[in-house]
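Please open the model in your viewer and keep the sequence beside it, so that each selection can be found in both places. The tour goes from one selection to the next.

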Amino acid sequence: DKMNVNVKTYNFETEKIEWKPVIGHKRSGTSNFWRKIKAKTNTKHRTIEAITHMIPTPNGEVNSDDLKVGDIIYSQQNKLNETQRQIIIGSLLGDGSLRKGQSEHAKFYFRETHSKKQEEYLRWKLDNLKEFDPVYREYMSAYSDEYEPKIMCQFKTRADIVFEEFYSLKYPSFSKHIFDEMDALALAVWVQDDGYMYPYGAIEISSHSMEKDVQEYALEVFEKKWGIVGKLFLEKRCNKWFMRFNKENGAKIIELIKDFVHPSMEYKLGVKGNPPISPETELTLVETVIHEIEEVYKIDNKYDIEVADNHNFFCNGILVHNTFTLNPDIYGTFSGKLEIVPPAMFNNINGSSAQDFMAGMNNFSEKIAYFQYGWITGARPMPFGTREIVYIMKNPRPDSIYGRSPVENLMSV
């Protein structure tokens with residue numbers, strides 16, 4: 001039975017992802033040849049099986065048969081809001097990390113661990129990343145055999161392409177660009193993760209994992225953005241540099257970040273604020289690269305749908321055109337034709353004789369939609385309206401006593 005359903009589509013004019021109804025769907029024969037196109041998406045699945053299907057790309061729609069590894073297609077992505085971005089940036093400077101599976105094309109997930117004392121602070125971060133399905137756990141751990149095990153708190157998100165843009169900010173080593181991206185919220189997160197405030201007001205940040213030139217750049221940014229002046233000191237035990245801010249500049253940091261300090265972290269910085277909770281994201285279109293194409297031989301049914309207005313939909317996270325409505329031009333002899341003939345063009349010839357019909361066809365032969373090949377009539381131009389679909393396929397299997405046809409014409413839906 002045919003159901004009334006909506007599918008997720010993309011409006012290229014408004015640049016918005018929208019839900020639109022399926023206004024037609026049809027089984028369109030079988031095929032024994034398929035192409036599995038694989039690319040990173042924001043869904044668990046990242047593969048579509050296509051046979052002569054149009055795929056939107058930055059260079060226009062491309063036949064799935066012509067796509068190659070390395071080509072760019074479209075997926076959907078949860079666009080982070082600015083609060084989420086700054087929390088991730090500050091966390092990557094501090095105790096957060098990005099991990100992924102063993103596959104070369106695996107997606108990254110975000111993970112962070114704190115002691116039980118900082119559980120509420122950790123859960124604040126988790127709450128801001130709710131739409132990325134974070135999983136929370138507690139476990140026992142010790143720094144070494146010399147220490148008693150204690151309860152550790154950790155959460156990690158699902159793997160998602162949204163984290164791709166952040167990876168180069170920290171890996172394989174910290175980039176100077178991360179400090180261009182940060183604002184006061186990110187600084188607050190970093191100080192809560194890695195900072196220490198002395199009783200007299202000076203602040204030290206454990207930045208030992210950064211190269212000296214990166215830290216020097218960070219101090220330049222702090223002074224330029226906020227008038228905060230710091231110095232680098234060498235930790236002789238490990239021969240690593242770290243940042244320190246005197247009492248005066250420590251007070252400037254506290255004044256800048258006080259509204260973003262989680263109440264549970266008052267013991268560490270002497271102030272408490274009301275840090276934002278903003279878990280909402282917006283779905284948006286994103287480019288993704290095809291990393292594998294596999295040709296598969298199997299006999300299976302093909303189905304087509306028609307989607308209202310936008311005429312596309314997301315299949316396993318990949319944007320595809322809802323059907324094939326282009327001039328087939330399979331013999332390369334009919335060029336420059338328009339894709340679709342408006343119904344008004346053939347309303348004028350309804351009820352005419354065969355001679356009038358063909359004369360009318362000649363009047364707009366350069367604007368026909370496609371050519372139909374018949375056993376008796378031969379090739380003839382065929383106009384059609386916006387609710388008719390023409391599906392182009394290789395190796396068709398029509399139920400016809402006259403053998404295979406290069407073009408199958410679907411019924412109007």
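## First stop: helix H1

Select helix H1, in which Thr 83, Gln 84, Arg 85, Gln 86, Ile 87, Ile 88, Ile 89, Gly 90, Ser 91, Leu 92 and Leu 93 are buried, where buried means under 20% relative accessible area (1.4 Å probe, protein chains only). H1 covers residues 82-93, and eleven of its twelve residues are buried. Helices (H or I, at least four residues) and strands (E, at least two) are DSSP runs, numbered from the N terminus.

This is a predicted model, in which local features need pLDDT of at least 70 and side-chain atom pairs count only at pLDDT 80 or more, while totals for chains, interfaces and linings use all residues. Residues are numbered from 1 along each chain as its sequence is written, and side-chain values use heavy atoms, with hydrogens and water left out.

The expected span of a helix is 1.5 Å times one less than its number of residues, so the twelve residues of H1 should span 16 Å, which agrees with the 17 Å between its end C-alpha atoms.

## What surrounds H1

Now show the partners of H1: its buried residues pack against E7, E8, helix H2 (119-128), helix H3 (164-170), helix H4 (177-181) and H5. Contact here means heavy atoms within 4.5 Å.

Select helix H5 (residues 184-194) next, whose axis comes within 7 Å of that of H1 and crosses it at roughly 35°; axes are lines fitted to C-alpha atoms, for helices over the stretch in contact, and angles run from 0 to 180 degrees between N-to-C directions. In this contact, H1 contributes residues including Thr 83, Gln 86 and Ile 87, and H5 contributes residues including Leu 185, Val 189 and Trp 190.

## The sheet beside the helix

Helix H1 also lies across E7 and E8, running at about 95° to E7. Select the open sheet of four strands, which has the order E7-E8-E10-E9 with antiparallel pairing; two strands pair if DSSP finds at least two bridges between them. Strand E7 (96-100) and strand E9 (135-141) are the edge strands, each pairing on one side only, and the twist averages 30° from one strand to the next.

Which residue of E8 stands opposite Lys 100? Phe 108 does, and five bridges join E7 to strand E8 (residues 108-115).

## Last stop: a hairpin

Finally, select strand E4 (residues 54-57), where Met 54 and Pro 56 point one way and Ile 55 and Thr 57 the other, all of them buried. A hairpin joins E4 to E5 through two residues, and E4 pairs with strand E5 (residues 60-63) in the antiparallel sense over four bridges.

Methods: Buried means under 20% relative accessible area, exposed over 50%, partly exposed in between (1.4 Å probe, protein chains only).
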